[in-house]
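Please look over the model shown here before reading on. The points below are meant for someone new to it.

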Amino acid sequence: MSDSERSSEENSAARSRHGEAALPQWLINSLRPFVGFFSRLFWGLEHKGIENIPQNTGLIIAANHQSYGDPFWLSIPIKGRIRYLAWSEAFSWPLVGKVIRRLGAWPLQIEGSDPSAIRRSLHWLRDNGVVVIFPEGGRGLPDGSMRHMKGGAVRIALEAGVPILPVTIRGANQVWPADKKLPRLGKVEITYHPIFHVEQRPGEETRACARRETERLAEIIRSGI
């Protein structure tokens with residue numbers, strides 16, 4: 001078996017292993033126009049900067065987190081195969097756990113390191129997949145401002161050699177506050193900023209690089225709130 005055949009076989013196995021619980025990609029793609037239509041109708045959903053979304057490349061999407069609707073709203077214009085890193089506890093919730101798994105979410109241990117989630121993400125990114133990460137590790141503050149961002153997105157991007165697409169979500173905290181079971185009418189804006197390339201300085205340790213570049217990434221995302 002040639003190297004290219006072996007690589008193709010390994011990638012196919014990775015796709016099968018990682019996507020076995022998720023809905024088929026064609027079905028997810030077909031749902032996006034309906035989600036977009038109703039989101040514009042009820043929540044005035046507006047996507048800005050969609051020209052900054054790259055195609056046919058491994059990509060990390062790093063966004064602030066304001067509501068349960070964030071993953072769905074930010075994914076509508078994304079054409080690639082998407083997976084989401086979600087709080088592991090959510091997978092044990094009745095109905096919610098099954099729904100997010102079928103939509104392509106992977107469990108992530110928020111506290112401490114989670115090697116399995118990182119390995120899975122690296123395989124997916126190297127196979128030109130898209131991984132959505134909310135670096136705050138949970139929802140932001142009730143007024144819509146951001147919490148401190150963790151460095152996981154930058155570290156994964158550095159190891160996988162892929163760019164980051166910074167995304168700002170605005171207004172979702174008003175549409176779907178943490179203390180409400182269902183969203184209410186309002187206005188949600190999603191801004192896709194220019195691609196962010198992690199820049200590690202000569203001789204710089206990975207941890208120091210992640211800390212510095214995460215601050216730079218946070219400033220970009222925060223600028224749109």
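**Notes on the predicted model**

1. In this predicted model, the axes of helix α6 (residues 152-160) and helix α8 (residues 206-222) cross at roughly 120° and come within 8 Å. That angle makes α6 oblique to α8, since angles of 65 to 115 degrees count as roughly perpendicular and those over 145 as roughly antiparallel. The crossing of α6 and α8 is right-handed.

2. The second largest pocket holds about 150 Å³ of space. Its lining is made up of H65, Q66, R139, G140, L141, P142, R147, N173, W176, P177, A178 and D179. Sorted by class, this lining has 5 nonpolar, 4 polar and 3 charged residues.

3. Backbone angles come next. Most residues other than glycine have a negative phi. N56 is not a glycine, yet has a positive phi of about 55°. N56 sits in the loop that runs between β1 (46-48) and β2 (59-63). Is N56 buried or exposed? N56 counts as exposed because its relative accessibility is 76%, and the cut-off for exposed is over 50%.

4. N128 also deserves a look. Its phi is positive, about 65°, although N128 is not a glycine. Where is N128 placed? N128 lies in the loop between α5 (115-126) and β5 (130-133). With 45% relative accessibility, N128 counts as partly exposed, because that class covers values between the 20% and 50% limits.

Conventions. Residues are numbered from 1 along each chain as its sequence is written. This is a predicted model: local features need pLDDT of at least 70, side-chain atom pairs count only at pLDDT 80 or more; totals for chains, interfaces and linings use all residues. Side-chain values use heavy atoms; hydrogens and water are left out. Helices (H or I, at least four residues) and strands (E, at least two) are DSSP runs, numbered from the N terminus. Buried means under 20% relative accessible area, exposed over 50%, partly exposed in between (1.4 Å probe, protein chains only). On a 1 Å grid over the protein atoms alone, a cavity is a set of points where a 1.4 Å probe fits but cannot get out, and a pocket is an open set with protein on both sides within 12 Å along at least five of seven lines; lining residues have an atom within 4 Å of a point. Grid points are joined across faces, edges and corners, and a volume is the space filled by probe spheres set on the points. Ala, Val, Leu, Ile, Met, Phe, Trp, Tyr, Cys and Pro count as nonpolar, Asp, Glu, Lys and Arg as charged, and the others, Gly among them, as polar. Axes are lines fitted to C-alpha atoms, for helices over the stretch in contact, and angles run from 0 to 180 degrees between N-to-C directions. Angles under 35 degrees count as roughly parallel, over 145 as roughly antiparallel, 65 to 115 as roughly perpendicular and the rest as oblique. A crossing is left-handed if the near helix is turned anticlockwise from the far one by less than a right angle, and right-handed if clockwise.
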